[in-house]
Amino acid sequence: MSDNETSDAKFEMDRQKAVPALIGNHEDFLIISGLAGTSKDMASLTGDAAHLYTMAGAMGAATAMGLGLALAQPDKRVLVITGDGELLMNVGTLATIAVLNPSNLSVVCVDNGYYGETGYQKSHTSRGVDLEQMAIGAGIKMTCTIEHEEDLAEGSRLLRETNGTSFILLRVSPEEPPAVKRLMEPAAARTRFRTALLGRP
Amino acid sequence: MNNSEQGWQHEIYDVLRAHGVTQFSYVPDAGHKILIDLCIADAQVHAIALTTEEEGVALAAGADLGDARSVLMMQSSGVGNCINFLSLMKGGKFPLLTLISMRGEFGEGNPWQMAMGQAVRPVLEAMGVICMEVTEEHEVTSTVEAAATMAFRANNAVAVLLTQKLLGAKVF
């Protein structure tokens, strides 16, 4: 056996209930969602709204994109929500973010322990890797892991914390995100997002 | 570093600021040392130290969503790290301005730099990035001015290649 499956992580919550409960009023945020499960989560939650930019490629880009948006719009709250596989692809971005520590940025990792989009291969996080510990190591001061429903309210508060960047690891069971249609054309999504935010394309 | 070299680096910085660039991202590189120091010293802008160059590509897309302008400063070796993220810029029609200090070309003495240095232009062009090469000091500022206009006014991905003829080959 080459697997190092020593983790006692609990991947038990229903993502289709836990994600909406954690986010609360989605209109509190400008939102970048990583491919692919979290983009479906957010398209479902918001009705694929114009304050959401969903990804279907450029794996690993969501957190850095959120950083650029947060620095550009310091008076708006920015939420990056992405999966364990997408975050692992550029986990160093947590260090880039922590150094700047923008107070209007929150990162949520919906961690189901699997690469769901490609057929549910185990990801590193169900083999002992802890992304909250990596966020802490990167220097993000406000972090938490949520594995139980009773902790979702505290997480929802942390997302709206204004003292610096926050990171939440939301552990959920490896079940399908909502089946939902969303705008898949990236240039049209750019125009839609900018027009809603700025009043011009 | 003589005064004229310091001169064009300062001129580039002024051009970028005049175009409204407020996010300066970089992986540290000797060829961009002055520009990096200038943005770090400027309280009006964000100096963003990256762990890998593709973060700067995604950062530029996010900046654009929020109506800010970003420039990515990197060495030619970093271009290889950016390739897949450039699909975001091409597909999304996001503006990208990147200044690339070249290695692996004119007078290079380090064999490790050659492969990526020689591949910079074909790789970038394959991903839809317009490449503008600078070999003479007197062309640097006008080229960056042109590139910034093409990036931010016409929504292109544009790379300015600061060649070793301009910067001088590193001596080993």
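A residue is buried if 20 or more other C-beta atoms, placed from the backbone, lie within 10 Å of its own. This is a predicted model, in which local features need pLDDT of at least 70, while totals for chains, interfaces and linings use all residues. Residues are numbered from 1 along each chain as its sequence is written, and chains are lettered from A in the order in which they are written.

**Exercise 1.** Determine which residues of helix α1 (residues 15-23) of chain A are buried, and why they lie on the same side.

*Solution.* Step 1: helices here are DSSP runs of H or I with at least four residues, and strands are runs of E with at least two, numbered from the N terminus. Step 2: Arg15(A), Ala18(A), Val19(A), Leu22(A) and Ile23(A) are buried in α1(A). Step 3: these residues cover an arc (directions from the helix axis to the C-beta atoms) of only 120°, which puts them on the same side of α1(A). Step 4: an α-helix has 3.6 residues a turn, so residues three or four places apart point the same way. Step 5: directly after α1(A), Gly24(A) adopts a positive phi of about 70°.

**Exercise 2.** Describe the side of chain A that touches chain B.

*Solution.* Step 1: taking contact as C-beta atoms, placed from the backbone, within 7 Å, 27 residues of chain A meet 27 residues of chain B. Step 2: α3 (62-72), α5 (93-100) and α8 (186-198) of chain A each give two or more residues to this side. Step 3: α3(A) gives the most, with 8 residues.

Notes. Predicted model: local features only at pLDDT ≥ 70, side-chain atom pairs only at ≥ 80, totals over all residues. Contact = placed C-beta atoms within 7 Å. Buried ≥ 20, exposed ≤ 12 C-beta atoms within 10 Å, placed from the backbone.
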